[in-house]
Each structure stands twice: as C-alpha cells, then as structure tokens.
Amino acid sequence: MLHAVIAAATEEAAKNPLIPEWYDIIWSAVCFVVILFFFWKLVLPRMQKLLDDRAEAIEGNIAKADDAQRKAEAALVQYTAQLADARAEAGAIRDQARTDGQRIVAEHKEQAAAEAGRIAASAKTQIEAERQAAVVSLRSEVGTLAIDLASGVIGESLSNDAKASAIVDRFLAELEASEVPAHAAAPAAGKI
C-alpha cells in the first residue's frame, strides 16, 4: 500500500496546482466573454444613462440654485431699497408730525391767549358794571342816610321830597346867614 501512496504522490507532484486544466481555461473564457458581452450591451449602457441623468440633474439643480441665488440677491437689494425708502418716509412722517405738533401747540397757545384776553376783558367789563352798580347803590344809601341824619339834626321829618327839598334849602340859607355875620365880625374884631 505504501507503493500506491508513493505512486499517487509522484503523479500529483508532477502537476502544478496553480495552473488549471485546459478545459477549465476554455470554459472560464467562454463564461467571461458571455458575462462581458452581457455587461457591455446591457449593464454599461444603463449605468452610463443613469450617470448621465444624474449629471444632468445635478447640473440642473446647480443652475436652479444659481438662479435662486441671483433672485435672492435681487430680492435682498430690493428689500434693502424698500427698507431705506421706508426709513426715509418714516423720518419724513416724524418730521411732519413734529411740525404739525408745534403748529397745533402754537395754535392752542394763541387760542388760549385769545380766550384769556376775552375772559379778562369780560371780567373787566363785569367789574366795571358791578362798580357802577355799587356806586349807584352807595349814592342811594348815602342820600337816604343823609336825609335820616338831617331829619334827626333838624328835628323834622324829611320823608316828603318837596318838604325835604324845602328843609334842605332853608338849612342852607341859615348856614349862609350864619357865615355872613361871622365874616362881618371878623373885620370888626380886627379894628378894635
């Protein structure tokens, strides 16, 4: 049995295990050509089409992104311009409001001054009217008091206007008469 093992070992030793048999090489080549043909005609065109579609989509998206970027920049410029216009308009409105406020305050001050002048003039007129009424009232009361006092001094009633007038006239005449002898006595006293 040992001879058989040695014979088998020498047979196998003569063959290189790394080099395949010629029929394996042929069948492997045929399979390789079939698979290569299949990939060349079916798979590679589909892969190329898929890659081309993907490249077109990427290029389209890049173009869309560029377009969107340009639109965004234009919108930003427009927004900035509108914001500047709005700020300028707000400043103009604020200045106009200040001017209107100052004008309204000035008008109200003028109206208040005019109203104060009118009230002061009305008060002066009312005071003058009340003063005149007081003067008239005082004259009436003083006249009544004078007649009452004169009645008490003279000893007669002066309730009758004609009688009061006559008494006042007589009293004045007596006063004049008493003043004349006093003037005459004064020069005579100077001669003595």
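A residue is called buried under 20% relative accessible area, exposed over 50%, and partly exposed in between, with a 1.4 Å probe and protein chains only. By that scale Trp-22 is exposed, with a relative accessible area of 61%. This is a predicted model: local features need pLDDT of at least 70, side-chain atom pairs count only at pLDDT 80 or more, and totals for chains, interfaces and linings use all residues. Residues are numbered from 1 along each chain as its sequence is written, and side-chain values use heavy atoms, with hydrogens and water left out.

**Overall fold**

The chain has 3 helices and 0 strands. Helices (H or I, at least four residues) and strands (E, at least two) are DSSP runs, numbered from the N terminus. Along the sequence the pattern reads α-α-α. Helix H2 covers residues 22-154. Of the 192 residues in the chain, 3% are buried. The chain exposes about 16700 Å², and carbon and sulfur atoms supply 66% of that area. Such accessible areas come from the Shrake-Rupley method with a 1.4 Å probe; for residues, only the protein chains shown count as cover.

UniProt, in an unreviewed entry, lists residues 69-96 as "coiled-coil region". Its positions are given in the numbering used here, feature names are shortened, and annotations may be inferred rather than shown by experiment. In the model this span is 100% helix and 0% strand, and its end C-alpha atoms lie 40 Å apart.

**Aromatic pairs and a nonpolar patch**

A pair of aromatic rings is described by the distance of the centres and the angle of the planes. Here, rings of Phe, Tyr and Trp (its six-membered ring) pair if their centres lie within 6.5 Å; planes under 30 degrees apart count as stacked, over 60 as edge-to-face and the rest as tilted. The count comes to 2 aromatic pairs. Trp-22 and Tyr-23 form an edge-to-face pair, at 6.1 Å centre to centre and 85° between the planes. Tyr-23 is partly exposed, at 42% relative accessible area. Phe-38 and Phe-39 have ring centres 6.0 Å apart and planes at 85°, so this pair is edge-to-face. Phe-38 is partly exposed at 44%, and Phe-39 is partly exposed at 41%.

Phe-38 and Phe-39 also belong to a nonpolar surface patch of about 940 Å², whose members include Phe-32, Trp-40 and Leu-44. Patches are made of residues with over 30% relative accessible area and no salt bridge: like charges are joined within 9 Å, nonpolar side chains (Val, Leu, Ile, Met, Phe, Trp, Tyr) within 5 Å. Phe-32 lies in helix H2 and counts as exposed, at 54% relative accessibility.

**Salt bridges**

Side chains of opposite charge can pair when their charged atoms come close. A salt bridge is a side-chain nitrogen of Lys or Arg within 4 Å of a carboxyl oxygen of Asp or Glu. The count comes to 8 salt bridges. Three of them are listed here.

| Salt bridge | Closest N to O |
|---|---|
| Lys-71 and Asp-67 | 3.5 Å |
| Asp-95 and Arg-98 | 3.1 Å |

Lys-71 and Asp-67 are 4 residues apart in helix H2, about one helical turn. Lys-71 is exposed at 56%, whereas Asp-67 is partly exposed at 31%. Asp-67, Arg-70 and Lys-71 are linked in a network of salt bridges.

Asp-95 and Arg-98 both lie in helix H2, 3 residues apart, about one turn of the helix. Asp-95 is partly exposed at 43%, and Arg-98 is partly exposed at 49%. Arg-103 and Asp-100 are likewise 3 residues apart in helix H2. Asp-100 is partly exposed, at 25%.
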